[in-house]
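Hi there,

Here is the structure I promised to pass on to you. Please have a look at it first, and then read my notes below.

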Amino acid sequence: MYDFELVKPKTLREAVAALQAEDAQALGGGQTLLPTMKARLAMAEQFVALSGIDEIKGVCLDDDGRICIGGGTTHATVARECAESYPALASLAGRIGDPAVRNRGTIGGSIANNDPSACYPAGALGSNATIMAEGPNGTREIAADDFFLGMFTTALEEGEIVSEVKFPVPERARYEKFIQPASRFPLVAAFVAKFSDGVRVAITGASSSGVFRWTEAEEALSADWSPDAVKGLTAPDAGEMISDLHGDGAYRAHLVKVMTARAVAAA
Amino acid sequence: MAKVTMNVNGKSRSAEAEGRTLLVDWLREGLRLTGTHVGCDTSQCGACVVHVNGDPVKACSVLAQELDGAEVTTIEGMANADGSLGTVQQAFQDYHGLQCGFCTPGMVMAASALLKENPQPSEAEVRHYLEGNICRCTGYHNIVKAVMAASGQQVEPVAAE
């Protein structure tokens, strides 16, 4: 890893200011970024560590009944603190990586990175979450539908930090993933959420454009909330799926159906 | 370079760190605490697990400067005050939970974190908790037995043996 200067702000405002420096980059829990830097695939002159900012850590409930999770909250904390209030999300967080990784990795880091195989983007998109982005011009609210723009690409502007993610709590929900045995990332995973006004289905790991909503399944499940409603559907276009040595496009497209049905059955 | 101070195994310890210095390198090279191993250096294998403020983390994937002021426990801090092996360490010896020993510091640190959180885990819970710790010698059965023994539970022959 090339050397860099590490800045350790204590407040969100200090962090936003530090990110204004030329060639500065935010560092969340570092569970993805540090290995990437070791491989010399990422580099900056200055990294701004977000781990010391207490105001973006923790879980609370807002007036609309949404669960608000600070961007610097670790997966372990979400797994523990949302176990009662939003079990599907807690279960997602509690199965990311392994226990040691979950003690460092954060929701803000995962969402800002938008790895096409990451778990949290599916949870946020499937829950119709709102992402709060803090930047030099103040706070922006971004709907999950507008946030995830493709593989490793989000609506975040240069220098913006995910300060909070707000999750409406569905009536029923579940995240089911088919794990790629070596990396432990999902080969394909589905987050299903049934709200009073309809169903949302978010798929991660499968598409070459990153996390996406499987709208055909949403319509079918809104009419009939059952695994059988999914089994009758045509799988997404295999040509748009990731194809690699772990599974070709047709295999992943098939898994999209299987994991969605499993998630509905377990919700 | 910056001076970084942590409470390591109950003592205040200081050493220099660059921005990029990883906790594991700070421990091994700065403090000469070489019990914590570097296996994969990509946060997969768990040989470098230490406790930071009570929680297990992979020391190859945390920057030393970020942890200025933290409380850290390494494998060197796991023995009893008289130098005899701690409960988890002793169980690994009794049940032959190691062969080459390279993964053992991380295994012991992860296992003791599990037992703090869940003092009487089931075999399945032990296996699940240790999924971020890779051993290429034992086939894991004796490690699982050691953790079950360290938790004071009866050690049954394990599945697939």
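Tyr140(B) sits in the loop between helix 4 (123-129) and helix 5 (141-150) of chain B; helices here are DSSP runs of H or I with at least four residues, strands are runs of E with at least two, and both are numbered from the N terminus. Its phi is positive, about 75°, although Tyr140(B) is not a glycine. Most residues other than glycine have a negative phi. With a relative accessible area of 25%, Tyr140(B) is partly exposed (buried means under 20%, exposed over 50%, partly exposed in between, with a 1.4 Å probe and protein chains only).

A word on the source: this is a predicted model, in which local features need pLDDT of at least 70 and side-chain atom pairs count only at pLDDT 80 or more, while totals for chains, interfaces and linings use all residues. Residues are numbered from 1 along each chain as its sequence is written, chains are lettered from A and ligands numbered from 1 in the order in which they are written, and side-chain values use heavy atoms, with hydrogens and water left out.

Ser43(B) also has a positive phi, near 65°, and is not a glycine. You will find Ser43(B) in the loop between helix 1 (23-30) and strand 3 (49-52) of chain B. Is Ser43(B) buried or exposed? It is buried, at 12% relative accessible area.

Chain B also has a helix pair to look at. The axes of helix 2 (residues 87-94) and helix 3 (residues 104-117) of chain B come within 9 Å and cross at roughly 125° (axes are lines fitted to C-alpha atoms over the stretch in contact, and angles run from 0 to 180 degrees between N-to-C directions). Helix 2 gives Val88(B), Gln89(B) and Phe92(B) to the contact, and the residues from helix 3 include Met107(B), Ala111(B) and Leu115(B); contact means heavy atoms within 4.5 Å.

Now to chain A, which has 11 helices and 14 strands. Of its 267 residues, 58% count as buried. The C-alpha trace of chain A spans about 55 × 45 × 30 Å along its principal axes.

Val169(A) is partly exposed, at 35% relative accessibility. Leaving aside residues up to four places away in sequence, Val169(A) touches Gly65(A), Ile67(A), Ser85(A), Tyr86(A) and Phe195(A).

Enjoy exploring it!

Best wishes
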